[in-house]
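Let's take a walk through this one together, a few spots at a time. Have the sequence and the 3D view open as you read.

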Amino acid sequence: ILLKEDYYQQQKIEKINTLKNAVKNTNSENRFDINYQIFENYKKLNMDSALVYINKCKNLIPSRQDSINYLINLEIAAIYSTSGQYIEAKNILDAIDRDKIPHNLLTKYFETFRDFYSHYGQSNNNQKFYQISELYRDSVLSVLPKTSTDYRINLAAKNLFSGDRNDSKNELHKLLLEERNDLKQTAYIAYLLGIFYKHDQN
């Protein structure tokens with residue numbers, strides 16, 4: 001996994017450099033899309049740079065594109081949450097009107113809350129926030145197609161933390177083989193398996 005990660009990181013760096021050159025020579029209509037692509041590539045490489053480019057996107061949102069505005073705010077909240085800026089993340093999340101979220105963004109909305117409470121729980125070792133995170137995982141499961149890989153991973157994670165842990169382990173091993181060509185999914189599945197074995201040793 002580590003060798004693959006180095007390879008894919010180098011690919012991302014090359015892609016970012018190509019996109020940065022492209023954005024210099026593009027018209028205003030395409031500038032948002034290219035900056036968003038740069039952000040996407042930076043997300044797993046450099047959070048500070050990712051934040052710079054998602055804020056550029058925020059300033060480039062086409063008029064009357066509320067769905068894009070929701071997406072950008074969720075992305076910014078996720079970055080703040082991951083980097084430990086919990087007050088900033090929570091302020092953004094609390095300002096989003098759940099009833100107005102487009103259906104195609106509901107999964108991301110629930111995932112962002114799930115991850116926020118998980119990160120916050122890790123920061124202060126407070127079980128209450130892990131429990132809230134799991135409630136949002138239930139919401140994620142409620143909107144994902146049951147045959148999707150994301151559904152299976154979230155269900156395995158749910159069982160890992162509050163259900164049949166052996167069933168979770170078996171499912172995660174299956175997923176690890178099935179998703180071996182997807183670095184992002186493989187890394188997360190391996191992380192969950194690491195939690196299982198660490199807990200098992202204790």
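Start with Glu 171, which counts as buried at 18% relative accessibility; buried here means under 20% relative accessible area, exposed means over 50%, and partly exposed is in between (1.4 Å probe, protein chains only). You'll find Glu 171 in helix H9, residues 165-178. Helices are DSSP runs (H or I, at least four residues) and are numbered from the N terminus, while strands (E) need at least two. Setting aside neighbours within four places in sequence, Glu 171 is in contact with Arg 152 and Ala 156, where contact means heavy atoms within 4.5 Å.

Before going on, a word on the ground rules. This is a predicted model, in which local features need pLDDT of at least 70 and side-chain atom pairs count only at pLDDT 80 or more, while totals for chains, interfaces and linings use all residues. Residues are numbered from 1 along each chain as its sequence is written, and side-chain values use heavy atoms, with hydrogens and water left out.

Thr 26 sits in the loop between helix H1 (2-24) and helix H2 (28-42). Not counting residues up to four places away in sequence, Thr 26 touches Arg 31 and Ile 34.

Helix H2 also holds Phe 32, which is buried with a relative accessible area of 8%. Leaving out residues up to four places away in sequence, Phe 32 touches Cys 57, Leu 60, Ile 61, Ile 68 and Ile 72. The C-alpha atoms of Phe 32 and Asn 59 are 8.7 Å apart, although 27 residues separate the two along the chain.

Next, look at how two helices pack. Two packed helices are described by the angle between their axes and the distance between the axes. For helix H4 (residues 66-82) and helix H5 (residues 86-95), the axes come within 7 Å and cross at roughly 155°. The axes are lines fitted to C-alpha atoms over the stretch in contact, with angles running from 0 to 180 degrees between N-to-C directions. H4 and H5 are therefore roughly antiparallel to each other, a label for angles over 145 degrees. On the H4 side, the contact is made by Asn 73, Leu 74, Ile 76, Ala 77, Tyr 80 and Ser 81, and on the H5 side by Tyr 86, Glu 88, Ala 89, Ile 92 and Leu 93.

Tyr 86 leads us on, as one member of an aromatic cluster with Tyr 109, Phe 110, Phe 113, Phe 116, Tyr 117, Tyr 120, Phe 129 and Tyr 136. The whole structure has 15 aromatic pairs, counted when rings of Phe, Tyr and Trp (its six-membered ring) have centres within 6.5 Å; planes under 30 degrees apart are stacked, over 60 edge-to-face and the rest tilted. Take Phe 113 and Tyr 136: their ring centres are 4.8 Å apart and their planes at 15°, so the pair is stacked. This pair links distant parts of the chain, with Phe 113 in helix H6 (residues 106-124) and Tyr 136 in helix H7 (residues 127-143), 23 residues apart. Phe 113 is buried at 4% relative accessible area, whereas Tyr 136 is partly exposed at 22%.

Finish in the loop between H6 and H7, where Asn 125 is found. Asn 125 has a positive phi of about 55° although it is not a glycine, and it is exposed, with a relative accessible area of 64%.

Methods
Parallel < 35°, antiparallel > 145°, perpendicular 65-115°, else oblique.
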